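Colleague: I'm new to this one and would like a tour. Could you show me the sequence and the structure before I start asking?

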Amino acid sequence: MAQVFDRSSNALARASLVLTGLIVIALGVALNQLQRSPWVTRQGQRPDQPVPFSHKHHVEGLGLQCQYCHTSVEKSSYAGIPPTKTCMNCHSQIWTNADLLKPVRESWATGESIKWIRVHDLPDYVYFNHEIHVNKGIGCASCHGRIDQMPLVYEENTLQMEWCLNCHRNPVNNLRPTSQIYNMAWTGPSKVTPVACAVTGKTGTTASMVDCKPVKEGVQLAGYQTFTNQKDLGLYLMDKYHIRNANELSSCEVCHR
Amino acid sequence: MATHGPLHDPAVDPMIDPRTGEYAVVAPGHNFKSITQKIAGIVLTANTPIAWIGGLMFAATVALGVVAGLTWLFLKGVGIWGITMPVAWGFAIINFVWWIGIGHAGTLISAILLLFKQTWRNSINRFAEAMTIFAVCCAGIYPLVHIGRPWLGYWLMPYPNTMNLWPQFRSPLAWDVFAVSTYATISVVFWFIGMVPDFGTLRDRAQHPIAKYFYGILSLGWRGSTRHWIRYETASLLLAGLSTPLVLSVHTTISFDFAVAAMAGWHTTIFPPYFVAGAVYSGFAMVLTLAIPIRKFYHLEDMVTERHLDNMAKVMLATGSIVAYGYGMEVFMSWYSGSHWEFFMMWNRMFGPIGWAYWMLILTNIAIPLTSLWSRKLRTNVLYLFILSFIVNIGMWFERFVIVVTTLYRDYLPSSWGTYRATKWDYILFIGTWGMFTVLFLLFARIAPMIPMSEIKMILPQTKVHHGGADAETVVEEAI
């Protein structure tokens, strides 16, 4: 009687064991990519806006400060997209015939809003508050990346919950003086570029009582504490800005109301 | 042979092995070859019984209830069920616990009886294990679909995710996930390993090339060498040792779903053992429900003998008595506790608007089985046992119904009292799972050996080593 399986089946049987291992690994990789790849998080993707607004041109080139357009960032949970009016402040005089700006002029003439495409779009069950971050020492660039170097805006970070929690559990690495919030190029204190801080005011909000300024290497200001690394500065600011602890900041009701 | 009971005169009782004086598990007259022919013949026949085809078609039609019930559920939401605000757990949980409970007898037979070296388990363990697995399949549906957003069910698994979130390991419902998934896995592994030698036999006897390949792959190159057998036995014993605490802890975990809550009627420390006893009780009832028609239909009366039915009925009597003790303790403690919530709960359970369910439970779980099973005559009356197995399964369903519903619909605040009435979708899904169970079981009966040939052969008198070795040669010949 002939054998049911010939010799080659030995190799197949062994290969199937290896294959099972490979499939398990491939599944793990695939599942990880399904939740973390930039394709899913849309990091780095630049959607076509109705007007190809260039932050690089307006911020780096013209030196506009962030709040000129995003007016409510310090006072509201929502940073705000500037209305057509803000564009027309300049573009009623400059580049008045440019094709690129046609939708802006149309919007101005008709009163129809420009349909900007939102790049940083959190789900509606997340309550994100810009004001608190800006006033507690989180700079624009920490979350949005170097907007001043983006011809078209894209998402720099994942905006996933783990990313938020990483900072809420340990804000020290990202805290900066509130005077440096809109400084896109801020890199934190170092030996070469120390930061000196002191509590100067007795009134006002917690952050405005603290005066921090970059100083020259080796310079010691009277009454000021000098920081040469981010960790020390972060710990100091966490204390002075009265930033709550990790347990409180990672409690559900902070973001999911 | 079926007319002889085990306690007849040893001199004339054919169930007593004249050579060793031990009770035989299998009726006399069998040798290795006849066992193989009989059991493998059920699987390897070219003539599928018409009744099997008819049964499969009927069961498949009923199983469409699962498809329809789940489709409509996913489209419309859990509101199609009769669950209300005080009674937010209804048929889904009742049926889940019921099905899981049914599965437990399979593990008890295959694992616990193996540890106790009960040879009578050998004829029934294979289909009891199959019953376990298919019952767990039916049970497993419910926890996945009774959540309002079933597509997020995977959040119950602990896996690294972008939310930095993990399950709440203090919830018994999270323990359920681990208990049931472990239980299903171990049961399948135990079942499959047990079948490997039998698949080898089927591979060797199969005529059709496809059948040869099919059973050849399933038998994993089993050659039946001594080394194979030593490891097989060790693995079986280890798995039995693993499954025994597992089966006790799984239903304990399921009882925690209730016992951990602060509801009067749920918050009871007796639940873990009493649920396990109930599970074995209903599980053995289900084994009887299956074994009786199977032995009749496939003429297996000489392997699943009256002694098997008698023993199973005795286990039911024992576990049923534990369950009865549990009911008694619940009543006693609700009086003895001095808590008027507890007292009211029991009064409401007995005499409230759904009091009929409680008396139904007492009738079908206690009154009928526990009075009659003491009688050997009734224990060996096949028809009576068959009917009784249905009665107990109904009773055990009512037990879960009473625990879930009568606790919830009237609790601490009278302003939140309500009632519970199952809708047609509750029934359609439940009946659908019966169909699904039957489909799976019929497929199993057709494809896999329902009775473990290798284990039956091990308990034949011919395997006993005795002086003289008179039939050593016959044994070898028969084996070939």
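Colleague: Let's start with the records. Which residues of chain A does UniProt list for "domain: Cytochrome c7-like"?

Modeller: Keep in mind that we're looking at a predicted model. The UniProt entry is unreviewed, and for "domain: Cytochrome c7-like" it lists two stretches of chain A.

Colleague: How far apart are the end C-alpha atoms of residues 126-172 of chain A?

Modeller: Take residues 52-93 of chain A to begin with: that span is 45% helix and 0% strand, with its end C-alpha atoms 19 Å apart. Residues 126-172 of chain A are 43% helix and 0% strand. For residues 126-172, the end C-alpha atoms lie apart by 23 Å.

Colleague: And how much of residues 12-31 of chain A is helix?

Modeller: UniProt, again in an unreviewed entry, annotates residues 12-31 of chain A as "transmembrane region". In the model, the end C-alpha atoms of that stretch are 27 Å apart, and strand makes up 0%. Helix makes up 100%.

Colleague: Over to chain B. Are H1(B) and H5(B) roughly parallel or roughly perpendicular?

Modeller: Helix H1 of chain B covers residues 32-44 and helix H5 of chain B covers residues 172-205; their axes come within 11 Å and cross at roughly 75°. Angles of 65 to 115 degrees count as roughly perpendicular. So H1(B) is, relative to H5(B), roughly perpendicular.

Colleague: Which residues of H5(B) make that contact?

Modeller: On the H1(B) side you'll find Thr36(B), Gln37(B), Ala40(B), Val43(B) and Leu44(B). By class, the contact of H1(B) with H5(B) has 4 nonpolar, 3 polar and 1 charged residues. The H5(B) side is made by Thr201(B), Leu202(B) and Arg205(B).

Colleague: What about H10(B) and H11(B): how are they set relative to each other?

Modeller: Helix H10 of chain B (residues 340-351) and helix H11 of chain B (residues 355-372) have axes that come within 5 Å and cross at roughly 80°. That angle makes H10(B) and H11(B), relative to each other, roughly perpendicular.

Colleague: Which residues of H11(B) are in the contact?

Modeller: H10(B) brings Met346(B), Arg349(B), Met350(B) and Phe351(B). The residues of this contact of H10(B) with H11(B) divide into 5 nonpolar, 1 polar and 1 charged. From H11(B) come Gly355(B), Tyr358(B) and Trp359(B).

Colleague: Is Met15(B) buried or exposed?

Modeller: Met15(B) lies in the segment before H1 of chain B. Met15(B) and Trp81(B) are 66 residues apart in sequence, and 53 Å apart in space, C-alpha to C-alpha. Because its relative accessibility is 6%, Met15(B) counts as buried.

Colleague: Now the aromatic pairs. Are the rings of Phe332(B) and Trp335(B) stacked or tilted?

Modeller: There are 52 aromatic pairs over all chains. The ring centres of Phe332(B) and Trp335(B) are 5.8 Å apart and the planes stand at 55°, so this pair is tilted.

Colleague: Is Trp335(B) buried or exposed?

Modeller: Phe332(B) and Trp335(B) both lie in helix H9 of chain B (residues 306-336), 3 residues apart, about one turn of the helix. Phe332(B), at 35% relative accessibility, counts as partly exposed. With a relative accessible area of 55%, Trp335(B) is exposed.

Colleague: How are the rings of Trp397(B) and Phe401(B) arranged: stacked or tilted?

Modeller: Trp397(B) and Phe401(B) are 4 residues apart in helix H13 of chain B (residues 382-408), so about one helical turn separates them. Both Trp397(B) and Phe401(B) are buried. At 5.5 Å centre to centre and 20° between the planes, this aromatic pair is stacked.

How values were computed. Residues numbered from 1 in each chain as written. Chains lettered and ligands numbered in written order. Predicted model: local features only at pLDDT ≥ 70, side-chain atom pairs only at ≥ 80, totals over all residues. Heavy atoms only, no water. Axes fitted to C-alpha atoms, helices over the stretch in contact; angles between N-to-C directions. Helix = DSSP H or I, 4+ residues; strand = E, 2+ residues; numbered from the N terminus. Parallel < 35°, antiparallel > 145°, perpendicular 65-115°, else oblique. Contact = heavy atoms within 4.5 Å. Nonpolar A, V, L, I, M, F, W, Y, C, P; charged D, E, K, R; others polar. UniProt positions renumbered as here; feature names shortened; annotations may be inferred. Buried < 20%, exposed > 50% of the residue type's maximum accessible area, 1.4 Å probe, protein only. Phe/Tyr/Trp six-rings, centres within 6.5 Å; stacked < 30°, edge-to-face > 60°.
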